[in-house]
Structure formats: C-alpha cells, structure tokens
Amino acid sequence: MTTPPAPPEPQPAGDATQATPPSAPAGPASDTPSQDAPAQAQAQPAQPITEQQQAHATGIGSGASGIGKCPNCGSSDVALDIPSGELRCNYCRGRFSAPIYQDRDIHELRGLEVGSAAGDIIPSADVLVTFKCPACGAEVVVDTAHALQARCHWCRNTLSVNEQIPNGAVPDAILPFRLTKEQAQAKIQEYVDKRKFFANRRFLQEFTADNVIGVYLPYMVVDSFCHAAFQGEGEHETRRYYVTVGSGNSQHEEARYDADVYAVAREFDLLVDDLTVEAKAEYLDQDMSRNTNNIINAIMPFPTEQAVHFDANYLRGFNCEKRDANIEELRPLVETQTRDIARYRATGLIDFYDRGVRWEQTTVQPYGEKWKTAYLPVWLYSYLETKKDGQKLLHYVACNGVTGETVGSVPLHMSKLLGIAVLPVILGLACMVASIFI
Amino acid sequence: MNILTFPTGLSSTVLALAPNTASINPLLVAGIVLIAIGIAYFAAKYRRYRATGERHFFERETKSAIEHPQGADRLEGSRNGQRNESMDGRNDHEVDGALAKGGLKGALNDIVHH
C-alpha cells in the first residue's frame with residue numbers, strides 16, 4: 001500500500017507518514033492481557049500429533065477400568081447426586097468428585113493436540129469389553145455400544161469402563177447433570193403449555209413430562225489459537241438526503257445516500273475457548289424439512305469449564321450415545337465456525353463503516369488447537385409424529401441439563417392454523433377483486 | 001375513483017389495474033395488507049411452534065478473545081446517490097457455519113402433507 005492518509009474518525013489517527021498501516025483502533029479489541037506470543041508464534045498449518053504432544057489419559061475415578069470404588073468405604077454403589085453435582089456413595093453417603101478437566105492456556109497451543117479419547121474411531125474395535133471382576137474373579141462383559149457400566153452377577157459390584165477404547169464410547173470429559181429430572185420436567189411442561197392452541201391434538205393427548213429421559217450426548221470441544229486476516233471494502237455515509245420522484249399524485253420522497261469507499265484490512269490473533277460441535281453424524285444433519293435436530297443444537301452453550309475427567313459412575317441412571325465422527329470429518333465445520341467467530345469479533349473493529357463492510361478475503365491460520373471429546377447432559381422428550389400420508393417426523397423438546405435452557409418442536413394442528421391464517425388472505429383477495437369494480 | 005362500465009373480462013381487469021393518473025385504490029392496498037397479515041401470522045406461529053429459527057449462536061456465545069489487532073484503511077473514492085441504506089454485498093454479519101436450514105421447505109412440506 002502507498003502511504004495512507006490519516007484514518008477516518010472515530011479511529012485514532014496514525015502517523016500519516018508511516019509506510020506501514022497504522023494500528024487498529026481501541027475498542028473491544030482485547031479481552032485478555034496482551035501476550036508476547038504472536039511475535040514468536042508464526043501462523044503455521046496444524047501439525048499431526050506426536051506421541052510427545054498427546055494429552056494424558058483422561059480416565060479417572062479408580063484410575064482405570066474396573067470397580068469405581070468409593071474412596072471412603074470401598075463400595076462400588078456410587079452415583080451422581082445432581083443437586084450437589086458430586087458423586088455419592090449409596091452405602092456410606094460419602095461424597096466425592098472427579099477432578100475438573102483443566103485445559104492448558106490457549107496461548108501455549110502449538111500444532112494439533114488431541115485428547116486421548118478423541119482419536120480416530122477404529123471401526124473394528126470391539127464394543128464388548130470383558131472384565132475380570134477384581135472382587136470375585138467372575139468375567140463380566142460390558143456392551144459399550146449401550147452402556148459403560150455393568151453389575152457383576154456374582155458379587156453385585158459395579159464395573160466401569162474408564163479407559164479410553166477406540167470405539168468412541170469413552171470421552172475425555174463429562175459435564176454432570178445439575179438439573180434434576182423434576183426440574184427438567186417442569187421446564188418442558190411449561191414450554192409445551194405455552195404452545196397448546198395450535199398443537200397437534202394427538203400430541204396433546206399423548207404428551208406427558210414423565211417420559212423425559214436424561215441422556216449424555218457426544219460432543220467435540222475445541223480450543224484454538226490462530227491468526228485471522230480480513231481484506232475488503234467498507235463504506236462510510238457522508239450524506240443522507242431526500243429527493244422527490246414521480247409526478248402528479250404519485251409524487252413522493254425517497255432517501256439517497258452518499259458514502260466514502262475505503263479499502264479495509266484487519267488482522268488479529270484469535271483465541272477460541274471450547275467451541276463445541278456435535279460429534280454424531282446424525283445430529284449434524286439439521287435440515288428442518290426432515291428432522292428437528294436443530295433443537296439439540298439450540299440448547300447450547302454448555303458451561304464446559306465445569307466438565308470433569310470422565311468417570312463412568314456419572315452415567316448411572318442416564319443414557320448415553322457414543323460419538324461416531326472423527327476429527328477430520330468435523331474439521332471443515334470447526335474451521336468455518338472459527339472463521340465466523342473471527343468475523344463476528346472483527347465487527348468491533350469496523351464501527352466507522354456504518355454502511356457495512358464487504359470482506360473479500362478471509363484467512364484463518366492456526367498456531368495450535370486442542371480437540372477433546374465430552375459427554376454433555378440433556379434432558380430429552382421425543383415424540384414421533386405420523387402424518388396422514390404416513391410421513392413421520394421425530395420432534396424433540398430438549399432441556400440443557402446444566403443451564404435449564406429449553407427449546408422444542410411441537411407438532412402443529414395444521415388444519416387449525418391454516419384455517420385461521422387463511423381468513424385474512426381470503427378477505428384480502430376479496431378486497432383486491434372488489435377494487436377492480438369500485 | 002373510476003367506475004368501470006365495461007363488461008367484466010380480462011381486458012377490463014387489466015385496464016382497471018393499469019397505472020393511471022388516479023390515486024391508488026385503497027381496497028387494493030387493503031387487500032395486499034390483509035394477504036400479508038395472513039402469511040405473516042402463519043409464518044410467526046409456525047416458527048414459534050416448530051422452533052425453526054432456533055440454533056446455537058456459536059459466533060457470539062463461544063468464549064473468544066482477540067489480541068494484537070492491526071488494520072489499515074485507504075480512501076478509494078466515493079459512491080453517491082445510492083438508494084440502499086447498506087452497501088451492496090455487505091457480509092460483515094454473515095454466518096456460514098450454522099447447520100440449521102430448511103425452515104421454509106419444512107413449512108411447505110407440512111402444508112402439503114398435513
């Protein structure tokens with residue numbers, strides 16, 4: 001670029017004789033103290049993970065698969081106490097928790113880091129895991145496609161799968177439920193109650209909040225440290241005025257706008273903390289013409305900073321679904337969403353351009369990223385609607401198991417809605433026809 | 001207002017709707033407004049019940065921070081007499097990573113198959 005003129009207000013003016021672009025203005029530019037990292041950390045393509053980079057194994061609880069014992073009395077009868085968010089021993093009533101899953105400082109990320117449970121799923125990996133019960137020696141088989149715990153049929157100790165196995169069943173972290181089933185039922189009932197007038201009659205007859213189920217859904221949680229650069233064109237309004245158009249009785253005033261046009265460039269380091277995407281292919285399909293998976297998406301965000309190292313005892317009493325998507329399958333989506341976050345943050349740097357900016361080139365280059373898998377809690381009510389022609393649609397009403405955010409799809413009584421909505425349309429058509437003769 | 005004395009038919013209809021120096025027929029305006037109200041009412045209720053506008057607004061709800069912002073701005077010229085309040089092709093608020101889609105198609109599908 002040639003020596004730029006003094007930048008327009010409200011951006012602070014740089015030295016007009018500088019050959020390099022002036023610094024971008026102050027504003028909501030930085031939420032964290034400045035770091036020296038960018039001077040050393042040049043943007044580079046993400047590198048394949050090495051053994052040295054691999055995150056530590058995240059299995060906790062007893063530290064390995066087997067009996068997840070109460071540290072006080074050694075009982076394996078341990079389950080989640082939702083109000084406190086802690087694990088509780090049903091024998092001695094002692095409480096304990098798995099440690100919080102701590103992430104490294106995002107500034108320290110270099111290359112690709114993968115949680116030990118976020119590696120590629122091996123299709124041939126056995127879903128059946130066999131344990132030798134440490135208490136009595138019996139062999140117990142856990143079907144990890146459906147559960148991560150099983151009870152020894154001889155001594156009734158509960159055996160848990162905590163080790164990462166490459167079939168997508170065991171995550172790095174888990175966010176325990178904080179909303180009880182009763183609280184979730186109340187929220188879902190309230191949500192549906194506000195949508196009764198046009199609700200499908202059969203749905204209203206069959207709906208009961210008792211059918212709400214707690215389920216842990218699989219997600220990939222991504223931290224990213226990257227460099228974003230934007231180039232484009234922006235307009236700043238200099239004058240607004242009104243001109244008279246038309247003639248006779250159809251004469252009226254229209255607004256006109258004059259604007260200065262600028263070539264605009266912005267770049268910055270971007271830190272993204274816990275970008276969360278669904279790790280199951282089924283839930284990534286959110287075409288509302290054939291499913292209601294957008295409901296599962298809409299109850300986000302989850303407070304993932306409260307997630308703990310995975311311990312199968314948190315699953316007791318709940319369902320879970322294992323992930324079936326690998327990092328490379330999710331990477332395009334994560335990259336697109338990271339670009340969107342960068343674009344959203346860039347809006348704070350272009351306030352001057354009140355008529356908007358058209359970004360023509362956007363690049364996001366990662367310094368480093370960290371991927372980990374997590375089970376996140378959802379209270380779910382589902383209803384299968386069968387339409388008159390046999391077409392089926394599965395409706396969800398979902399409640400975030402921590403924040404209580406509730407969103408749902410309620411099947412409609414279409415005849416009733418169309419019947420009422422069409423009345424003004426018919427009246428309008430009648431008026432239009434009448435206008436011909438009057 | 002003009003009172004048509006011609007027999008009804010397509011030609012007279014076209015003549016009636018053709019712009020002329022008379023003021024716009026209030027019945028025509030009322031008709032258009034009522035049709036718009038009916039469509040808007042249907043769309044609003046459908047959206048509310050089916051939650052078709054709901055998604056995770058990840059671009060603003062995901063924790064993020066920017067550091068070391070830099071920029072350059074160069075005046076290139078001016079565009080005067082524009083009709084739109086925003087510049088053409090503005091995309092500074094666009095979101096490409098939202099997965100939810102097909103709300104309108106879903107509504108049409110429901111109407112056809114109800």
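Biologist: At what angle do helix 7 of chain A and helix 2 of chain B pack, and how far apart are their axes?

Modeller: Two packed helices are described by the angle between their axes and the distance between the axes. In this predicted model, helix 7 of chain A (residues 414–437) packs against helix 2 of chain B (residues 26–50) at about 165 degrees, and their axes are 7 Å apart. An angle over 145 degrees counts as roughly antiparallel, so helix 7 of chain A is roughly antiparallel to helix 2 of chain B. The crossing of helix 7 of chain A and helix 2 of chain B is left-handed.

Biologist: Which classes of residue make up the contact of helix 7 of chain A with helix 2 of chain B?

Modeller: The residues of that contact comprise 20 nonpolar, four polar and one charged.

Biologist: How many residues does each chain bring to the contact?

Modeller: Chain A contributes 95 residues and chain B contributes 77 residues. On the side of chain A that touches chain B, the elements giving two or more residues include helix 6 (327–346), strand 15 (357–386) and helix 7. Strand 12 of chain A gives the most to this side, with 20 residues. By class, the side of chain A that touches chain B holds 55 nonpolar, 21 polar and 19 charged residues.

Biologist: In which sense does strand 12 of chain A pair with strand 1 of chain B?

Modeller: Strand 12 of chain A and strand 1 of chain B (residues 63–82) pair in the antiparallel sense over 15 bridges. A:Arg266 stands opposite B:Gly71, a residue in strand 1 of chain B.

Definitions and conventions: Residues are numbered from 1 along each chain as its sequence is written. Chains are lettered from A and ligands numbered from 1 in the order in which they are written. This is a predicted model: local features need pLDDT of at least 70, side-chain atom pairs count only at pLDDT 80 or more; totals for chains, interfaces and linings use all residues. Axes are lines fitted to C-alpha atoms, for helices over the stretch in contact, and angles run from 0 to 180 degrees between N-to-C directions. Helices (H or I, at least four residues) and strands (E, at least two) are DSSP runs, numbered from the N terminus. Angles under 35 degrees count as roughly parallel, over 145 as roughly antiparallel, 65 to 115 as roughly perpendicular and the rest as oblique. A crossing is left-handed if the near helix is turned anticlockwise from the far one by less than a right angle, and right-handed if clockwise. Ala, Val, Leu, Ile, Met, Phe, Trp, Tyr, Cys and Pro count as nonpolar, Asp, Glu, Lys and Arg as charged, and the others, Gly among them, as polar. Two residues are in contact if their C-beta atoms, placed from the backbone, lie within 7 Å. Two strands pair if DSSP finds at least two bridges between them.
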